[in-house]
Amino acid sequence: MLETLANLGLGFSVALSPPVLLYAFIGTVVGTLVGVLPGVGPLAGISLLLPATYGLDATRAIVMLAGIYYGAMYGGSTTSILMRIPGEAASVMTCIDGYAMARKGRAGAALAIAAVGSYVAGTASIVALMFLAPPLAGLALRFGPPEYFALLLLGLLVLAYMSGGSMLRALAMAALGLLFGMVGIDQMSGYFRFAYGVVELGDGIGIVPVAVGLFGLAEILATAGQPTPPAVIKPRLRELLPSRREWGESAAPIGRGTVLGFLIGVIPGSAHIISSFVSYAIERKLSKRPEEFGKGAVAGVAGPESANNSATSGAFVPMLALGVPSGPIPAVMLAAMMVHGVSPGPFLIKQQPELFWGFIASMYVGNLVLLILNLPLVGLFVNLLRVPYPILYPSILVFSVLGVYAVNGSVVDVWIMLLMGALGYVLRKLDFETAPIVLGVVLAPMIEMALRQSLAMSDGRYAIFVTRPIAATLLAVGAVLLLLSLKPLVMHTLDWRARLALAAKREEHS
Amino acid sequence: MLTTDRVGGVALALIGLFVLFESRKLPLGTLQNPGPAAMPVVLAVLLLGFGAALVALGAGAARLAAVGWSEWRHAVAIFGVCAFAALALERLGYRVTMVAALAFLVGGVERRGVVFTLVFALALALGTFFVFDTVLRVPLPRGPLRF
Amino acid sequence: MTLARTAVLLSLVLLAGASPAPAQDAYPSRPITLVAPFPPGGVADLTARPVAAALEKALRNPVGVVNKTGAAGAVGMQYVATSKPDGYTLLLALSSISIIPEADKLFGRQPAFTVDQFAPLALISADPTILVVPADKPWKTAKEFIEDAKKRPGQISFSSSGVYGTLHMAMELLSHPAGIKLRHVPYGGAGPALTAILGGHVDALASGPAVVLPHIRSGKLRPLAGWGDKRVAALPDVPTFKELGYPDAEFYIWAGVFAPKGTPEPVLAKLRQALRQAVEDPDFKGAMDKLQTPIAFKQGEEFQRFFDTDARRLAEGVRRVGKIEIKK
């Protein structure tokens, strides 16, 4: 404990030195920028800007890249809330209730809650990273394909809480999304699936064009042509801040989101995206007024936003403690270390204490910078809503095309976004919710890969899922949750969904 | 009676059938060693089932006739501009494409003044190019003559 | 609709200005693009950056790296294969350049590109893969590993960067001459494959030396043998498969620079000359040193021979693996 504090002192002496502070600042600002840009999330942002760090020394480069990472996670919520365009994949859930809040004139409150939630989650998870990294990292490595499969299956259960409408429609949309996720080279056998000669489809349909198309573009197509364009919202200063009630309703979701995001983030792989989905589902399940979700529930913003920020710190655990490239973003950061001659590995903390502790300390500083930077910006961002829609939407379109193109430099991605926009528009007209499609696209390749890897490991024996303790536990939890959600059917009691439908019927008749 | 659920259900079921048809080119594998077609087939069957269920149970959903499509002209115009942008992006370069697309949207579709349209289109297209390509080094396509 | 017309007119005016490029000046007269077909942070990108910087110095002309990624590198390689052969678009390719067209052939697909669409310019680096196993496994030597694998066919598993990926092919080039059958668990990239063996989910991995060295030093992984012609400098006690009697078990993760076929000979000569200068650049040497990747410069005949032998070995390997056996 004392040693940790002494080390942290060393870290702060590094992090607060003007050049390092400057790079942390640049990183967070650039991160916020790429996060705000629809589509360009942390991975694309880091990859695009990595070459620019080749000239820096190792500590500054890593500090700046980490700044971009969590800066992007902060910035991602802004466009989600204001324009229903997910700034990055993890902000998809924020679109739903954040945008609903904005339409009710609570954009300022939503942005402020997202910023504070992100700050709390970011800071708390660094504390966890600092004290728990070595033991947790060992545990994280025990997540092999079977455990991953069980976890993702658990992630699918989230569906039940994602939409307020009919369960059947949500399931149908999820199946459609999972099918979209099947496009591309089958990584287990090398077959091209449903690519029809388009080489760019080999890597599959990316989540970014799907999310931006289904949410952002569909929203524009549906609203731009309405005879009365959406009212210009003129926020008053007093309304920028969350009310006492909104703070109260956000506190617990922020706490839960932080813990959940950190734990999911530690697991190697790309599962951290599902942390925001899972957080949304948990908040809806625990809420006293689940019917408010989708119509501007503040918990639906606070939980997922905290979860996705906390997951970023979690993802650093195996990377820093063991030098393991535990996901796409840590892999890029490890490459950055190698460029600078720092050999990442289990000895990093011992051999490069000023890098490790400087990094930790700079994350504290960076998160604070982001909060200070973002809270005043709330006022500025909200004023974007004053721009008349006929001017606003062409600008959003430009940013969407730019963002989606920039991720891979691929026009095919822009086409996918367009087709998804058209699909989203039609589905909206037919009253289908599109969030389950995004969940499907995220989960499909991971679930399939994990299942087939597990079977390759066990030579085709399904027993592998129950003989490994972590996988078995996760599956048991999933089974219990599934049974609980079936309970109302058996017990003939009405759950909130049925009550909601009943209330709606009554209203119709009266 | 045609309801939103029924139309959606039929469309989804058709997608399911299409995927089943297309999957026959790929090996299915076994339960112990699922092939590349295994998961698409399972999902397509599920989608087919959900689609059929939507058709069967969809009588109570909103009537299709009740869905308003009043903004369709606008939506098609916007979609067309985006399609133009996608086609032109790598051929004409980012700046030319975006200026043209914005000018058409703001000037043609939304009927703003000429001066405003031009200033707005040029400022946004060149401004975003400067910030992202020049400053942030996100490579954006250039057309002939590197513009 | 005058406004729309203005807009159209405006775009026409802008288009009219876009006339074709001027007549050829002395090469190089404008910036050169070096395409890395993998995302930033990967081996191709990490090698391409210092190469571009050194080439820029040698040619006194800007050289920029562009990452054209997708489909395991096929997108970027196809892009260069079909771009104008004028010396302004070059490719930094890895071993996979010889694997992708073979795999395409195997599946009866129209290949995205073929190796003879490229003119090889120079080999930059070639790193042999080494066989590592978790330290808690019983095998102390490659001989023990192979004997055990013979006794239990299909029971010992290995992770790879993906089916037909470089790490998969390396293992195939060993298991064929050794007469063993291992269980393949493909992962989506070299990073996840390394994570898998560190977590103990698989029994073996063929990997480039740089990424596994720290884990060998920490005692988590044990090196058994290398695929190289010579031993790896950092691991002088680890024998090569050649020494152990498997002369065909040779595999390198290499990086080389290519131009599209049809590039005029004077341009190629200039580029070869510049590359020869570039690898002598101290900054370039320093950068490769930090990446712990030994420079293995080869040009002309020598590179062509290396490239052809490697391509033939890999093509045979891909054909031997065949389509992954799945009952229809």
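**Chain C overall**

I started with chain C, which has eleven helices and eleven strands. Helices (H or I, at least four residues) and strands (E, at least two) are DSSP runs, numbered from the N terminus. I noted that this is a predicted model, where local features need pLDDT of at least 70, side-chain atom pairs count only at pLDDT 80 or more, and totals for chains, interfaces and linings use all residues. Residues are numbered from 1 along each chain as its sequence is written, while chains are lettered from A and ligands numbered from 1 in the order in which they are written.

Next I looked up the box that the C-alpha atoms of chain C fill: roughly 80 × 50 × 35 Å along the principal axes. Of the 328 residues of chain C, 55% count as buried. Buried means that 20 or more other C-beta atoms, placed from the backbone, lie within 10 Å of the residue's own.

I also checked contacts (C-beta atoms, placed from the backbone, within 7 Å). Taking those in chain C between residues at least 6 apart in sequence, 75% join residues at least 24 apart.

**Where C meets A**

Here I found 40 residues of chain C in contact with 46 residues of chain A. On the chain C side, the elements giving two or more residues are α2 (43–59), α3 (74–81), β7 (183–186), α7 (190–198) and α8 (209–217). The largest share, five residues, comes from α7(C). By type, I get 21 nonpolar, 14 polar and five charged residues on that side. Ala, Val, Leu, Ile, Met, Phe, Trp, Tyr, Cys and Pro count as nonpolar, Asp, Glu, Lys and Arg as charged, and the others, Gly among them, as polar.

**Helix α14 of chain A**

I then went to α14(A), residues 328–339, which has twelve residues and reaches 17 Å from its first C-alpha to its last. That is close to the 16 Å expected at 1.5 Å a residue, the expected span being 1.5 Å times one less than the number of residues.

How many of its residues are buried? Twelve of twelve, so I wrote "mostly covered". The cover includes α3, α4 (58–83) and α13 (299–322) of chain A, together with α2, α7 and α10 (282–290) of chain C. After α14(A) comes Gly341(A), with a positive phi near 80°.

**Leu37(A)**

My last stop was Leu37(A), in the loop between α2 (18–36) and α3 (42–53) of chain A. Leu37(A) is buried because 30 other C-beta atoms lie within 10 Å. Beyond its neighbours within four places in sequence, Leu37(A) is in contact with Gly87(A), Phe399(A), Leu402(A) and Gly403(A).

How values were computed: Two residues are in contact if their C-beta atoms, placed from the backbone, lie within 7 Å.
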